[in-house]
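The sequence and structure go in here.

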Amino acid sequence: MPSGKRRRPDDPWAWMDRARSNLIRARQRLPNVYLEDLCFDAQQAAEKALKALCIERGIEFPYVHDLARLITLLQDEGQPVPDEVTEAGRLTRYAVFTRYPGLDDPVTEEDHNRAVSIAERVVEWVEDRLDAGGETPDS
């Protein structure tokens, strides 16, 4: 991720920079930080990565947190999506319900670990797709 330098918003790697930033935060275990907030960052990492792939493929996307909807957009445009990436739909709950007191059950260690693992797989999968398209992180 470039320090101080930002890419244009229509550059898929700008979105991947943000996805990686969210993933770094999702992995952090700091005192007095709710696991729900870390899971929100995991969800954001996956969301921004999927939107990066949409940009690279010329697919218009809505500004929504629904990861299953974003995956469906990619599939509808002919992008095969493996099961470990479609599992990202589970992360959508962290975009809304767990961010507010009382709307969902508290997040467990197991939930957090699963959310980070799913987000890591999505980010890696998208990076592989972008690299396969001839783009490089520094272009």
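My entries on salt bridges and one surface patch follow.

Entry on the model. I am working with a predicted model, in which local features need pLDDT of at least 70, side-chain atom pairs count only at pLDDT 80 or more, and totals for chains, interfaces and linings use all residues. Residues are numbered from 1 along each chain as its sequence is written, and side-chain values use heavy atoms, with hydrogens and water left out.

Entry on salt bridges. I took a salt bridge to be a side-chain nitrogen of Lys or Arg within 4 Å of a carboxyl oxygen of Asp or Glu. By this rule I found 11 salt bridges.

I looked up R20 and E127, whose side chains form a salt bridge at 2.7 Å from N to O. R20 lies in helix α1 (residues 12-27) and E127 in helix α5, 107 residues apart, so the pair links distant parts of the chain (helices are DSSP runs of H or I, at least four residues, numbered from the N terminus). R20 and E127 also belong to a salt-bridge network with R7 and D17.

I then looked up D10 and R8, which form a salt bridge with their closest N and O atoms 2.4 Å apart. R8 is exposed at 56% relative accessibility, while D10 is partly exposed at 44% (exposed is over 50%, buried under 20%, partly exposed in between, with a 1.4 Å probe and protein chains only).

R57 and E56 form a salt bridge too, at 2.5 Å between the closest N and O atoms. R57 is partly exposed at 37%, and E56 is partly exposed at 24%.

I noted V96, which is partly exposed at 36% relative accessible area, in the loop between α4 (83-86) and α5 (109-132).

Methods: Helix = DSSP H or I, 4+ residues; strand = E, 2+ residues; numbered from the N terminus.
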